[in-house]
Amino acid sequence: MKIMYLLLLLSFGLSTAALAQQPHKLGKLTSSKLDEVSGIIPYAFKPGYFWVHNDSGDDASIYLIDSTANLKLTVSLEGVNVVDCEDIARVDIRGESYLILADMGNNSGKRDTLSLYLFKEPRYEGNEVDIQVKREAIQQLRFRYKDHKRDAEALFVDPKDLTVYIISKRDFKSTVFSFPLVPLTDTVQELEPLLQLPFTFTTAADITTDGRYILIKNLKSIIMWERKSGAGIITTLKQPFKEIPYEIEPQGEAICFDLTERYFYTISERPLGLDAYLYRYDY
């Protein structure tokens with residue numbers, strides 16, 4: 001799988017590297033705990049920190065890094081077993097900041113029911129190394145696709161109405177699904193296709209805290225939509241988009257806006273020991 005990614009990236013990179021703008025390289029990942037970073041979201045309580053997580057092979061954990069990509073804190077989710085976490089998102093519920101860890105990777109296409117894990121965002125006091133979120137403080141949200149099994153690595157939550165949006169990866173055209181986050185339910189949500197996008201291999205997505213801008217990325221591109229006042233997400237994603245010049249990463253599967261909505265950031269896995277960096281982009 002890693003070799004396939006690298007071959008794809010080489011073929012993309014030869015044609016696009018000359019067009020890519022130079023992002024700000026903030027820091028290199030060095031922690032041995034962070035070999036397969038697949039999601040990123042900014043820390044809500046202090047600028048310059050980010051939550052990241054690994055994909056398949058890791059347990060149910062998230063990691064706080066600083067703006068130079070140094071690991072500061074490990075947070076484990078008690079009593080949660082995950083298979084392949086592929087993205088992380090934030091949502092504000094009744095004035096409280098929550099995180100969603102998305103165990104929705106399905107490379108082999110064998111998983112029928114997938115899960116999101118919702119919990120209050122932990123606070124970092126500056127002296128902890130490892131903390132744990134108790135099982136009773138974690139809500140499991142289960143879903144399946146109504147038509148057939150899929151792999152997905154990208155999700156975001158619309159801050160205007162708290163609807164979760166999931167974008168598939170391996171469909172010929174990446175497909176958008178959604179379900180309401182609240183009221184919280186133990187029922188397995190059945191998701192129907194809502195929209196096909198004009199690209200494939202989507203690996204990450206995010207939305208600004210005011211819901212105005214949406215980012216979706218795949219291996220070679222970052223695409224952004226500006227949402228008009230009063231427009232829904234699906235209506236917005238049907239409109240023309242802007243492709244932002246992107247510096248190809250070894251296996252770029254993570255993107256997020258910052259809380260001020262001034263920049264966005266990417267970070268990569270480290271396939272075959274390649275270096276991965278935290279990048280900041282203007283837009």
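**Exercise 1. Determine whether Asp151 is buried or exposed, and identify its salt-bridge partner.**

Solution. The model is a predicted one.
Step 1. Asp151 has a relative accessibility of 4% and therefore counts as buried, the cut-off for that class being under 20%.
Step 2. Its salt-bridge partner is Arg170, with the closest N and O atoms 2.8 Å apart.
Step 3. Asp151 is in the loop between β10 and β11 and Arg170 in the loop between β12 and β13, so this pair ties together parts 19 residues apart in sequence.
Step 4. Arg170 has a relative accessible area of 31% and is therefore partly exposed.

**Exercise 2. Locate the residues of the salt bridge between Arg150 and Asp171, and classify each by accessibility.**

Solution. 
Step 1. The side chains of Arg150 and Asp171 meet at 2.8 Å, N to O.
Step 2. Arg150 belongs to the loop between β10 and β11 (152–158), and Asp171 to the loop between β12 (163–168) and β13 (175–180); the pair therefore ties together parts 21 residues apart in sequence.
Step 3. Arg150 is buried, at 8% relative accessible area, and Asp171 is buried as well, at 14%.

**Exercise 3. Describe the salt bridge between Asp112 and Arg144 and state which network includes these residues.**

Solution. 
Step 1. The N to O distance between the two side chains is 3.0 Å.
Step 2. Asp112 is in the loop between β7 (96–103) and β8 (114–120), whereas Arg144 is in strand β10 (residues 139–145); the pair links distant parts of the chain, 32 residues apart.
Step 3. Asp112 is partly exposed at 36% relative accessibility, and Arg144 is partly exposed at 23%.
Step 4. The whole structure holds 15 salt bridges.

**Exercise 4. Characterise the surroundings of Asp55.**

Solution. 
Step 1. Asp55 occupies the loop between β3 (49–54) and β4 (61–66).
Step 2. At 7% relative accessibility, Asp55 is buried.
Step 3. Neighbours within four places in sequence being left aside, Asp55 contacts Glu36, Ser38, Asp84, Cys85, Glu86, Glu253 and Glu269.

Methods:
Residues are numbered from 1 along each chain as its sequence is written. This is a predicted model: local features need pLDDT of at least 70, side-chain atom pairs count only at pLDDT 80 or more; totals for chains, interfaces and linings use all residues. Side-chain values use heavy atoms; hydrogens and water are left out. Helices (H or I, at least four residues) and strands (E, at least two) are DSSP runs, numbered from the N terminus. Buried means under 20% relative accessible area, exposed over 50%, partly exposed in between (1.4 Å probe, protein chains only). Contact means heavy atoms within 4.5 Å. A salt bridge is a side-chain nitrogen of Lys or Arg within 4 Å of a carboxyl oxygen of Asp or Glu.
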